[in-house]
Amino acid sequence: MKKLPNNIPTKDELQKMFRMMVTIRETENTLLASNKAGNTPGQVHLSNGQEAICVGISSHLTDEDQITSNHRGHGHFLAKGGNLKAMFSEIYGMADGVCGGMGGSMHVADLSKGIVGANGIVGGGISIATGVAFAKKLDGSNHIVVTYFGDGASNQGVLMECLNITALWKLPLLFVCENNGYSEFSPTKTVTKGDISMRAKPFGIPIWQINGNEIIEVWQTGQEAIEHIRSGGGPAFIEAKTWRQSGHFSRENLVLQKPYRTEEEEKEGLADDPIIHLTPKIDGAELIMKEVKDEVERASKAALMGTPPASNAAKKLMFSDTYKGYY
Ligand SMILES: Cc1ncc(C[n+]2csc(CCOP(=O)(O)OP(=O)(O)O)c2C)c(N)n1
């Protein structure tokens with residue numbers, strides 16, 4: 001296990017990261033309200049409480065670096081530079097969404113920003129990232145790939161396969177496990193044995209286990225891990241402990257027969273909030289929060305004014321020209 005580094009972000013960097021964390025939180029809250037109002041086709045998986053992880057990591061990435069994400073991917077998308085209004089439009093199923101309104105919440109992607117995509121198949125993003133990292137290695141660039149996945153996904157066999165090959169071929173991949181305490185409705189400790197990060201140990205991959213609710217810790221570790229990868233050292237693994245404030249999906253309370261976490265747990269979890277931790281360090285935090293609230297509200301309202309894709313758009317948007325003639 002690597003020791004925590006002690007470099008620190010500048011005041012400006014901290015403020016930028018605070019703004020992004022608040023943007024993600026406000027976006028998720030708006031999506032929950034939109035979901036209740038019937039404006040999202042299907043459910044949404046919200047990342048409230050987990051914002052510091054993708055924001056801290058993304059602050060070391062460029063558009064040429066790429067990420068893969070999971071079903072809880074709105075924050076990953078925004079932190080990597082994805083467009084807010086285009087994401088709302090996508091989740092509302094509108095033609096001007098970032099994927100033409102065809103992908104929805106679990107498939108937000110924007111290749112121009114290095115966002116290879118969210119993914120509804122648990123663990124699916126890990127293997128896609130491994131392929132992308134292989135391509136980067138073949139290109140000879142020093143750009144890297146980050147794959148975000150949950151503690152539940154770490155029990156998928158594909159993680160072992162990808163740890164093995166990325167270590168053997170020294171691929172430029174940062175594994176980021178967002179350990180938020182639950183896999184759907186199962187507390188992690190009831191389905192997962194041992195320290196997740198230790199799964200990378202037999203492959204000789206450097207490991208950091210951090211508090212994912214402390215942005216400075218995430219930023220510091222992200223910088224060190226990414227430097228290791230960019231300098232050709234091969235993959236790195238960060239396990240960031242956090243707590244999922246929202247339900248597994250937006251309106252789980254409508255289908256759950258009994259709660260899977262106690263009131264005490266909820267109270268403790270909500271108090272350990274990455275935005276609450278960071279706020280005292282930010283000058284003008286209140287103003288930033290207000291500006292962000294207005295910006296998010298405007299983006300959501302503008303997205304709702306869009307129109308759904310035409311019915312014949314499915315063929316054009318879902319199949320590449322390579323397969324012309326097959327459909
Ligand atoms: C291959 C596969 N198995 C099962 C599911 C159903 N499923 C959706 S989310 C989820 C839990 C994932 O937990 P975790 O990886 O910890 O992510 P979190 O939801 O906590 O962010 C499961 C089992 C799925 N989508 N894909």
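Predicted model: local features only at pLDDT ≥ 70, side-chain atom pairs only at ≥ 80, totals over all residues.
An α-helix has 3.6 residues a turn, so residues three or four places apart point the same way.

Just after the helix, Gly234 adopts a positive phi of about 90°.

## Strand β8

Strand β8 covers residues 236-241, and six of its six residues are buried, so the strand is largely enclosed by the rest of the structure. In a regular strand the side chains alternate between the two faces of the sheet. In β8, one direction is taken by Ala236, Ile238 and Ala240, and the other by Phe237, Glu239 and Lys241. The buried set of this strand therefore includes the charged residues Glu239 and Lys241.

Two strands are paired with β8. Strand β4 (residues 173-179) runs parallel to β8 over six bridges, with Leu174 opposite Ala236. Strand β7 (residues 207-211) is likewise parallel to β8, over five bridges, and here Trp208 has Ile238 as its bridge partner.

## Helix α5

Helix α5 (residues 124-139) consists of 16 residues. Its span from first C-alpha to last is 23 Å, close to the 22 Å expected at 1.5 Å a residue. The buried residues of α5 are Gly124, Gly125, Ile126, Ala129, Thr130, Val132, Ala133 and Lys136.

Elements covering these buried residues include β1 (66-68), β2 (115-117), β3, α6 (157-168) and β4. Just after α5, Gly140 takes a positive phi of about 75°.

## The ligand shell

The shell around the ligand holds 16 residues, of which Val122, Gly150, Gly152, Ala153 and Ser183 come nearest. Two or more shell residues are given by each of β3 (145-150) and β5 (182-183).

By residue class, the shell divides into five nonpolar, seven polar and four charged residues. Gly150 and Gly152, two of the nearest residues, belong to the polar class because Gly is counted there.

Conventions: Residues numbered from 1 in each chain as written. Near = placed C-beta within 6 Å. Helix = DSSP H or I, 4+ residues; strand = E, 2+ residues; numbered from the N terminus. Buried ≥ 20, exposed ≤ 12 C-beta atoms within 10 Å, placed from the backbone. Pairing = 2+ DSSP bridges. Expected span 1.5 Å × (residues − 1). Contact = placed C-beta atoms within 7 Å.
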